[in-house]
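Subject: Handing over a structure

Dear colleague,

I am passing on the structure shown just below, and I would be glad if you kept it open while you read the notes that follow.

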Amino acid sequence: MSWTLAYTKQATRDARKIARSGLKPQARKLLDLLASDPYRTPPPYEKLVGDLAGACSRRINIQHRLVYQVLDDIKTVKVIRMWTHYK
């Protein structure tokens, strides 16, 4: 069972920052995990509240997070952000 990954415009910009910072292998590992099963743990995920209610996040490292939303009806994971600051 495979899920489709969809990236927001901001996530594609963040991907360039991730590659420059040397965190590409960690981010790639998380994206591969999301493509296979977005609900699998470890690594743990947190459900977000507030403006990003309905979204989840996983840590790339101590500072940076991967923020995503799972769309069950169309089996798609929408990657919102991959950097420190998200709104």
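In strand S4, 5 of the 7 residues are buried, so S4 is largely enclosed by the rest of the structure; here buried means under 20% relative accessible area, exposed means over 50%, and partly exposed lies in between, with a 1.4 Å probe and protein chains only. Helices (H or I, at least four residues) and strands (E, at least two) are DSSP runs, numbered from the N terminus.

Please bear in mind that this is a predicted model, in which local features need pLDDT of at least 70 and side-chain atom pairs count only at pLDDT 80 or more, whereas totals for chains, interfaces and linings use all residues. Residues are numbered from 1 along each chain as its sequence is written, and side-chain values use heavy atoms, with hydrogens and water left out.

Which strands does S4 pair with? On one side, 5 bridges join strand S3 (residues 55-59) to S4, and the two run antiparallel, with Arg59 standing opposite Arg65; two strands count as paired if DSSP finds at least two bridges between them. A hairpin of 5 residues leads from S3 to S4. S4 (residues 65-71) is also joined by 5 bridges to strand S5 (residues 76-81), again in an antiparallel arrangement, where Val67 faces Arg81 and Tyr68 faces Val79. The hairpin between S4 and S5 has 4 residues, and Lys75 in its turn has a positive phi of about 50 degrees.

These strands belong to an open sheet of 5 strands with mixed pairing, in the order S1-S5-S4-S3-S2. Its edge strands, each pairing on one side only, are S1 (4-7) and S2 (46-47). Helix H1 (residues 9-21) lies across S1 and S5, at about 65 degrees to S5; axes are lines fitted to C-alpha atoms, for helices over the stretch in contact (heavy atoms within 4.5 Å), and angles run from 0 to 180 degrees between N-to-C directions.

The largest nonpolar core has 17 residues, and those with the most contacts inside it are Ile18, Ile60, Leu66 and Met82; such a core is a set of buried Ala, Val, Leu, Ile, Met, Phe, Trp, Tyr and Cys residues joined through side-chain atoms within 4.5 Å. H1, helix H2 (24-36), S4 and S5 each give two or more residues to this core, and H2 gives the most, with 4 residues. Leaving aside neighbours within four places in sequence, the contacts of Ile60 include Leu23, Ala27, Leu30 and Arg65. A second, separate core of 5 residues includes Leu48, Leu52, Ala55 and Val67.

As for the whole chain, its 2 helices and 5 strands follow the pattern β-α-α-β-β-β-β along the sequence. The radius of gyration is 12 Å, close to the 12 Å that the globule rule gives for 87 residues, so the chain is as compact as a globular protein of that length; the radius is taken over C-alpha atoms, and the rule is 2.2 Å times the number of residues to the power 0.38. Of the 87 residues, 37% count as buried.

With best wishes
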